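Have the viewer open as you read.

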Amino acid sequence: MGEIVRLQKYIAMSVAASRRDAERMIAEGRVAVNGKPVTEQGVKVEIGNDIVELDGAIIKAVNKKLYIALNKPEGYVTTVKDQFGRPTVMDLVEKEIHTRLFPVGRLDYETEGLLLMTNDGDWANRVTHPRYESEKRYYALLKGVLKISELNKIRRGIVIDGKRTSPAECEIMEIDMGMTLVQITIHEGRNRQVRKMFEAVGHEVKKLRRDKIGIVELGNLPQGRWRYLTSGEIEYFNKRAIRL
Ligand code: URA
């Protein structure tokens, strides 16, 4: 048996239309199911079994896999819905993408930068699974001047939440006005990991931005905007999974 979906979803999956557009097409009498015109909303159809026509032509639902890179601004949650009604990353993509995407991993509400999103669950697991250790690169602005001894602790690994972090690459980029800008690359994805690592050596993270995951870079993508991943970027995570 094929997946059962509402007719407007089926139409949106078949042609480049939003669900709202699809509802209008139904209301305008342009849609038929198994040869019978349907004008009421909410009718369910089975993908691969029912025959759906739009303007007299048969249309087929394809669940196309999508992979995007979003430049998340500060002040958005990386969940599909937020219990406090805060803006979510879904708000930034759903006007242009009508397929339901979900975030791959997470970024804190206050963190900005690169977030991958997809509707391909297997691929998302490959990117986030600890075994595959995708590198994630961040720029962190720290309160205070980071000492070399503290930098070395961060590099070697430091105990947070009772467990040592794996070795990280970390460089000081700039020290100015009593603040330190660092670049740090980690291979894990623990909750608030970068913030906790620097807090553990006595420095509050005032600003945090992720700019790279594996080979995917944010580049000059403006804040709040997204782009499709290239096939090379998508394949990178699949190949890594095979090698490991
Ligand atoms: N580490 C953090 O502390 N926050 C993030 O959002 C990502 C990594």
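The ligand takes up the space of the largest pocket. Here a pocket is an open set of points, on a 1 Å grid over the protein atoms alone, where a 1.4 Å probe fits and protein lies on both sides within 12 Å along at least five of seven lines; a molecule sits in one if more than half of its atoms lie within 2 Å of its grid points. Please keep in mind that this is a predicted model, in which local features need pLDDT of at least 70 and side-chain atom pairs pLDDT 80 or more, while totals for chains, interfaces and linings use all residues. Residues are numbered from 1 along each chain as its sequence is written, and side-chain values use heavy atoms, without hydrogens and water.

Which residues are around the ligand? They are Leu107, Asp108, Thr111, Tyr138, Arg192, Gln193, Val194, Arg195 and Leu208, each with a heavy atom within 4 Å of the ligand. Helix α6 (residues 193–200), a DSSP run of H or I with at least four residues, gives the most to this shell, with three residues.

Now for the polar contacts, pairs of N or O atoms within 3.5 Å. A ligand oxygen is 3.0 Å from a side-chain N or O atom of Thr111, and a ligand nitrogen is 3.1 Å from a polar backbone atom of Val194. Taken alone the ligand exposes 240 Å², of which the protein buries 96%, by the Shrake-Rupley method with a 1.4 Å probe.

Why does the ligand lie between two domains? Domain 2 (67–130 + 219–243) and domain 3 (135–213) both give residues to its shell, so it lies between them; the bounds come from an automatic or database domain assignment.

Conventions
Polar contact = N/O pair within 3.5 Å; in protein donor to acceptor, adjacent residues only side chain to side chain. 1 Å grid on protein atoms, 1.4 Å probe; cavity = no way out; pocket = protein on both sides within 12 Å on 5 of 7 lines; lining within 4 Å. Helix = DSSP H or I, 4+ residues; strand = E, 2+ residues; numbered from the N terminus.
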